[in-house]
Amino acid sequence: MSRADIQVQAAISDPLRPPMRDLPLHPSVRLFVLLCTTVAAAASTALAAQASTTRIAPDPVTRNVVVAYTSREALDAALARFPARVVRRLPRLNAVEVDPALQRDVFAASLDDLPGITYVDGLERRRPLAEPALVAAFRPGLPYEWQYVATRADEVPDAVLRAAASVKVAVVDTGADVTHPDLAAKAPETYDVVRKRADVRDAAGHGTFVASLAAGSVTNGDGIAGFAGDAQLLVVKASGADGMFTDVDEAAAIVYAVDHGARVINLSLGGVGTSALERRAVEYAASRNVLMVAAAGNEFEVGNPTEFPAALLQPPGSRGQGGIGLAVAASTMSGRRAPFSNTGTHISLAAPGENVFGAIAGGTKPGEWPRYTLPGATAGLYGWSTGTSFATPQVTGAAALVMAANPQLSARQVAAILKASASGRGAWTPTLGYGVLDVAAAVAAASGQTVSERVQAGAWLKVNVLRSRAAWRRSSTRAHSKRVRLGVWLRSSAPTISPAYRVVTLEVRRGGRWKRLARTTTRTAGQAHWAIGLRPGTHRLRVTYGGRWDLRGATRLLRVRV
C-alpha cells in the first residue's frame, strides 16, 4: 500500500479555543481530524475565516473539564461556589466531566486549590487507529482471511474454542452493526456510554470491523472467523457523532466493561498525550485482573509519536517487559513491520495489520469501506482494511483463548505468554516487540503442552533474461558493453506468506569471487527487474534471497551469453 493510499491524521489548531495562558491543564490537548497533510494548512486557514462569520457550537473537548475529587461533599461544595453543569459522572474514578459557567481557564484555576479537589484537567481527543483504504488483496491461493492462518489461529483445538464461552471480550469503539451475521450469532451485549442506551449502531464502521476480528462467530458457518472462539462479546460504544472519542468517553467505557464482567478489553483507539483520568481508568481495570490491549498507532511516517493508552499499558522504556497490558504494532503478510506502524520501546508484540479481512457495517459509505464479494457468504458485507486498529483485536481474541486454555492465569500472565510465544521467541525489537502473534503456540503454552514450531515455508526464484533493444554502447571505463534486462520472481510454498517487500541481490562471478551488481526489494507479487551492462562473452550470475523467519532463503544460478 502506497503512502497515498493511507490517510494521515493531521493536527490543526482550533481558532475558537480559549486562551491557555494560566490554565493548569495537560499541555497536549489537541483536536485531530482526518485530513491529508497536503491540505492541512489550507483547511486551517479556511476554518479560521469561517469562524469570523459563522457561529459554531463550542467543541466539548476544548470547553469541558474533568474534576476529580476525594469526596462527593467536596465536589458539591466546589460546584456551589463555581457553578458548572455536570455532563457525566464517573463515580468509580471519583471524577466528573463538567461544562463550567466561567471561562475554562478561570474555572480551572479557581477549583485547583479548593479542599477535596484532586485535580482539574482538560479532555484528550481519541480517534480510531485505522486506515480504511481497503484494497482487493486477494490472489489465487491466498485465503481471504489470511491473517487467521498466518497467526496459526486455525490450529487451536476445538475444545479451547468452546471453553472460551466462559470469557467475555469487550470492544470499546464506535459501536457495531450487531445485525451482521458474524456478530448477530454472538448475541452481543451492547451499551452506548455517551448516550446511555443499548443502541450501538455503527455509522463509522470502525467498531464493526474490530469486533468481527476480535470475536466474530466461529460456528455460524458464514462469513469470517473471529479470533476469540466462542467468547462472549460486549460492545461498548464510546464515540460521538463524528466517530471520535475523548479520554472521558474512553474511561467511562473501560469502567463499564470492567463492571459488566469483561476479562479482556480491546482499545483500537489512541492519541498523543494522556490524562490523570485515563490513568485512573487503566489502573481500575488492572486492579480487577482485566487485560487491556491497545493499538500502537499508525503515524510512523509522520513523526512516530508515542500514543496513549497503548503507552500506559506497556510503558516507554520497558522494551516489552512487564506492564499491565499490551501495545500492539502491525505487521505485513511477510511478517515485517507495516510501513505506517509506530515503533518504540513500548511495543509489546505485533499482529497482521496490513490488508486484513473483516466485516463491514451496513449503512457505511462504499467509498470509505469498499465491499468485496465473499464467495459462500449468505449475508453481510466484507472487505480488507489496514491499521494497528485491526492488528489489536487479533491479540485480544488470542488472549481470550489463552484464558480459556488456563483459567487460573492472571491478566499479566496471559500477556507474558502472548509475548513469549510470538515469532521473536524471546527476542525483542522496537519495531515488532516480541514478534508476530502465534495463537497456537500461546494456547499450547497456557495449557502446559508443546506445539510444533511455526513451519518455515520454502522459497524459490525464477529468473528470465530479457535482452533490451539497445545496441552496443561505449563507456569511458568499458568498451562494447550491452544492456541486458533481467526479470526475477520470488515464490513461496505457503499460500499465506507473501513474497512482497523481500530484498533480493544480483551478483556476478569475477576473479573467483562473487561481486554484487545490484540489490532491490520485490514488489507486491514478488517480482523485481534489473537492467545491467555486460561486455561480450559468457557471464555467471547469481540471484539470492536471504530469507526471514517465515520464509527460507533461495538462490538461482544462471549463465548469460552476450
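Helices, in this account, are DSSP runs of H or I with at least four residues, strands are runs of E with at least two, and both are numbered from the N terminus. The model described here is predicted, and its protein chain holds 14 helices and 26 strands. Of the 562 residues in the protein chain, 55% are buried, and among the contacts with a separation of 6 or more, 75% are accounted for by residues 24 or more positions apart.

**Confidence and surface**

- The average pLDDT of the protein chain is 82, and a score of at least 70 is reached by 82% of the residues.
- Over residues 131-138 the pLDDT is below 50, although the model gives this stretch 30 contacts beyond near neighbours in sequence.
- Where pLDDT is low, the predicted coordinates should not be read in detail.
- The accessible surface of the protein chain comes to about 22,700 Å², and carbon and sulfur atoms contribute 52% of that surface.

**Helices and their packing**

- Helix α8, which covers residues 206-215, packs with helix α12, which covers residues 388-405, at an angle of about 35 degrees and with the two axes 7 Å apart.
- The crossing of these two helices, α8 and α12, is right-handed, and the contact is made from the α8 side by His 206, Phe 209, Val 210, Leu 213 and Ala 214, and from the α12 side by Ser 389, Phe 390, Pro 393 and Gly 397.
- Sorted by type, the residues of this contact between α8 and α12 are 6 nonpolar and 3 polar, with no charged residue among them.
- In helix α13, which spans residues 411-420, the buried residues are Ala 411, Val 414, Ala 415, Ile 417, Leu 418 and Lys 419.
- These buried residues of α13 pack against the strands β14 (291-295), β16 and β17, and also against the helices α12 and α14 (439-447).

**Buried residues in loops**

- Leu 123 is placed in the loop between β6 (117-122) and β7 (125-128), and because its relative accessibility is 1%, Leu 123 counts as buried.
- Although Leu 123 and Thr 62 are 61 residues apart in sequence, the distance between them in space, from C-alpha to C-alpha, is 7.2 Å.
- Thr 332 lies in the loop that runs between β16 (325-331) and β17 (349-352), and Thr 332 is buried because its relative accessible area is 6%.
- Leaving aside residues up to four places away in sequence, Thr 332 touches Trp 146, Arg 337, Ala 338, Pro 339 and Glu 354.

**Backbone exceptions**

- Most residues other than glycine have a negative phi, and most peptide bonds are trans.
- Phe 308 and Pro 309, however, are joined by a cis peptide bond with an omega of about 15 degrees, and Pro 309 is found in the loop between β15 (307-308) and α11 (310-313).
- Ala 187, which is not a glycine, has a positive phi of about 45 degrees; Ala 187 sits in the loop between α7 (181-184) and β9 (189-192), and with a relative accessible area of 62% Ala 187 is exposed.
- Asn 355 is likewise a residue other than glycine with a positive phi, in this case near 60 degrees; Asn 355 has its place in the loop between β17 and β18 (356-360), and with a relative accessible area of 10% Asn 355 is buried.

Notes. Residues numbered from 1 in each chain as written. Predicted model: local features only at pLDDT ≥ 70, side-chain atom pairs only at ≥ 80, totals over all residues. Heavy atoms only, no water. Axes fitted to C-alpha atoms, helices over the stretch in contact; angles between N-to-C directions. Left-handed = near helix turned anticlockwise from the far one by under 90°. Contact = heavy atoms within 4.5 Å. Nonpolar A, V, L, I, M, F, W, Y, C, P; charged D, E, K, R; others polar. Buried < 20%, exposed > 50% of the residue type's maximum accessible area, 1.4 Å probe, protein only. Areas by Shrake-Rupley, 256 points an atom, 1.4 Å probe, with all protein chains shown as cover. pLDDT = per-residue confidence, 0-100.
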